[in-house]
Amino acid sequence: MTINKQIERAFNKQINSELYSAYLYWSMSAALEAMNLPGFAHWMKVQAQEELSHADKYFHYLVERGGRVLLTAIDGPPTEWKDVEVILKNVLEHEQHVTALINGLMDLAIAENDHPSVMFLQWFVNEQVEEEAAAQNILGKLKIAGTSSPALYMLDKEMAQRVFAPSASE
Ligand code: FEO
């Protein structure tokens, strides 16, 4: 059964939100490079890659359901942040915002009795738990590091280890 128009519209809007997330995290990555934190910058680029893969999941799903993907303009992201802790706080707030968007999509899919979309969105519900936990985790480590340059240096090295794993986001 072809996807209903209301859900098609909402999913297209979500593609834009995921692409904005990628754009935001890329901008954060650039700011982190300017702060001489290449490990954090790398982590943020992997985060952006994940967001692109999220957008692509909606793209594929819409095509599979006989819907039409319509791409729209992506807003410009902020470019300046005070420090790395403010950036991570923004990541957490942004992910909480995305969680609210996903919950809204789930409510719509349930209201429209669209069982395949409910199943599809379940992956994103779980993913958002991971996304928020990851940001919380790094914020906790930043608090422990405090203003200690050696601790921040070590943490930056740890952040450099992140690897993009497509299977984790498929
Ligand atoms: Fe696509 Fe970070 O959620």
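User: Is Trp 123 buried, partly exposed or exposed, and what is its relative accessible area?

Analyst: This is a predicted model, and the value is computed from it. Buried means under 20% relative accessible area and exposed means over 50%. Trp 123 falls in between, so it is partly exposed, with a relative accessible area of 21%.

User: Which residue has its charged end over the ring of Trp 123?

Analyst: A charge counts as over a ring if NZ of Lys or CZ of Arg is within 6 Å of the ring centre and within 35 degrees of the ring normal. Here the charged end sits 4.2 Å from the centre of the Trp 123 ring, and it belongs to Lys 57.

User: How is the aromatic pair of Trp 123 and Phe 124 classed, stacked or edge-to-face?

Analyst: The ring centres of Trp 123 and Phe 124 are 4.9 Å apart, with 80° between the planes. Planes over 60 degrees apart count as edge-to-face. The pair is therefore classed, by that cut-off, as edge-to-face.

User: Is Phe 124 buried or exposed?

Analyst: The relative accessible area of Phe 124 is 0%. The limit for buried is under 20%, so Phe 124 is buried.

User: What angle lies between the planes of Tyr 61 and Phe 120?

Analyst: Both Tyr 61 and Phe 120 are buried. Their centres are 4.1 Å apart and the pair is stacked, with an angle between the planes of 15°.

User: How many residues apart are Tyr 61 and Phe 120?

Analyst: Tyr 61 is in helix H2 (residues 38–64) and Phe 120 is in helix H4 (residues 115–145). The pair links distant parts of the chain, and its members are 59 residues apart.

How values were computed
Residues numbered from 1 in each chain as written. Predicted model: local features only at pLDDT ≥ 70, side-chain atom pairs only at ≥ 80, totals over all residues. Heavy atoms only, no water. Phe/Tyr/Trp six-rings, centres within 6.5 Å; stacked < 30°, edge-to-face > 60°. Helix = DSSP H or I, 4+ residues; strand = E, 2+ residues; numbered from the N terminus. Buried < 20%, exposed > 50% of the residue type's maximum accessible area, 1.4 Å probe, protein only.
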